[in-house]
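Please keep the sequence and the 3D view open while reading.

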Amino acid sequence: MSRPEADPRIPFPHTDARLACRTEPSWFVQEHGQMSNADDRARIERARTACRGCPIAADCLKWALANPELTPTGVWAATISRERKALRRRLQARHGLDWVGVIAQADRAREQARLNRARPSAPDPAPAASAMWTSHYEPWREPLTPGRQQRNRELLNQT
Ligand code: SF4
């Protein structure tokens, strides 16, 4: 049987951080109903604690929720399968059947806004040029230099 494809709309977040789920994968194993003894509960609590300190926990949770077929068991972003099912039901109630699309779209909009904020704004035009386009520009107050007088005469002679 082929492995289900991940939903491309919500990619798994990239990080160079050492993730506990990679260094200590046994903590994160949680099969259905496997919380019955104290050892399991302690181990899963260790995984949850590691997730709470993980730098990509929020995006990991989004990915895990968007990919139920890839995350039917195990601890993901401090949640176990039953908690993820409840979260998916709430997201569907709030955003409709295509809640993954709604969340992906909101993520793209946020990323675009962040890029727009980071983009350097165009430099202001030179003060002299910009002054010419304001209603405060009063050329008659500028000093009449011999050169300007000469240009004025030439312009008058052309008319
Ligand atoms: S939040 Fe996700 S990526 Fe981070 S340790 Fe937990 S399962 Fe791993």
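## Ligand shell

A residue is near a molecule if one of its heavy atoms lies within 4 Å of it. The model is predicted. By that cut-off, the residues around the ligand are Phe 12, Leu 19, Cys 21, Phe 28, Cys 51, Cys 54, Ile 56, Ala 57, Cys 60, Trp 76 and Ala 77.

Cys 21 has a relative accessible area of 36%, so it is partly exposed. Cys 60 has 10%, so it is buried. The cut-off for buried is under 20%.

## Disulfides

A disulfide is a covalent bond between the sulfur atoms of two cysteines. Here the test is a pair of cysteine sulfur atoms within 2.5 Å. How many disulfides does this rule give? The count is zero.

## Overall fold

The chain holds seven helices and zero strands. Read from the N terminus, its elements run α-α-α-α-α-α-α. The chain has 159 residues, and 23% of them count as buried.

Take the contacts between residues at least 6 apart in sequence. Of these, 53% join residues at least 24 apart.

## Before helix 1

Pro 13 sits in the segment before helix 1, which spans 20–23. Is Pro 13 buried or exposed? Its relative accessibility is 14%, so Pro 13 counts as buried.

Which residues does Pro 13 contact, once neighbours within four places in sequence are set aside? They are Ile 56, Asp 59 and Cys 60. Ile 56 and Cys 60 are also listed around the ligand. Pro 13 and Ala 57 are 44 residues apart in sequence, yet their C-alpha atoms are 9.1 Å apart in space.

## Loop between helix 2 and helix 3

Gly 53 lies in the loop between helix 2 (38–52) and helix 3. Its relative accessibility is 63%, so Gly 53 counts as exposed. Along the chain, Gly 53 and Leu 19 are 34 residues apart. Their C-alpha atoms are separated by 9.8 Å.

## Loop between helix 3 and helix 4

Ala 77 belongs to the loop between helix 3 and helix 4. Ala 78 has its place in that loop too. Ala 77 has a positive phi of about 50 degrees, although it is not a glycine. For Ala 78, phi is near 70 degrees, again positive in a residue other than glycine.

Ala 77 has a relative accessible area of 14%, so it is buried. Ala 78 counts as buried as well, at 15% relative accessibility. Ala 77 is one of the residues around the ligand.

## Helix 3 against helix 4

Helix 3 covers residues 57–66. Its axis comes within 10 Å of the axis of helix 4, and the two cross at roughly 85 degrees. Angles of 65 to 115 degrees count as roughly perpendicular, and helix 3 and helix 4 are therefore roughly perpendicular to each other. Helix 3 contributes Leu 61, Ala 64 and Leu 65 to the contact. Helix 4 contributes Arg 84, Leu 87, Arg 88 and Leu 91. By class, this contact has five nonpolar, no polar and two charged residues.

## Helix 4 against helix 5

On the helix 4 side are Arg 88, Leu 91, Gln 92 and His 95. They meet Trp 99, Val 102 and Ile 103 in helix 5. The contact has four nonpolar, two polar and one charged residues.

Arg 88 and Leu 91 of helix 4 take part in the contact with helix 5.

## Ser 81

Ser 81 is found in helix 4. At 8% relative accessibility, under the 20% cut-off, Ser 81 counts as buried. What does Ser 81 touch, leaving out residues up to four places away in sequence? Its partners are Gln 30, His 32, Pro 72, Thr 73 and Gly 74.

Methods: Residues are numbered from 1 along each chain as its sequence is written. This is a predicted model: local features need pLDDT of at least 70, side-chain atom pairs count only at pLDDT 80 or more; totals for chains, interfaces and linings use all residues. Side-chain values use heavy atoms; hydrogens and water are left out. Buried means under 20% relative accessible area, exposed over 50%, partly exposed in between (1.4 Å probe, protein chains only). Contact means heavy atoms within 4.5 Å. Helices (H or I, at least four residues) and strands (E, at least two) are DSSP runs, numbered from the N terminus. Ala, Val, Leu, Ile, Met, Phe, Trp, Tyr, Cys and Pro count as nonpolar, Asp, Glu, Lys and Arg as charged, and the others, Gly among them, as polar. Axes are lines fitted to C-alpha atoms, for helices over the stretch in contact, and angles run from 0 to 180 degrees between N-to-C directions. Angles under 35 degrees count as roughly parallel, over 145 as roughly antiparallel, 65 to 115 as roughly perpendicular and the rest as oblique.
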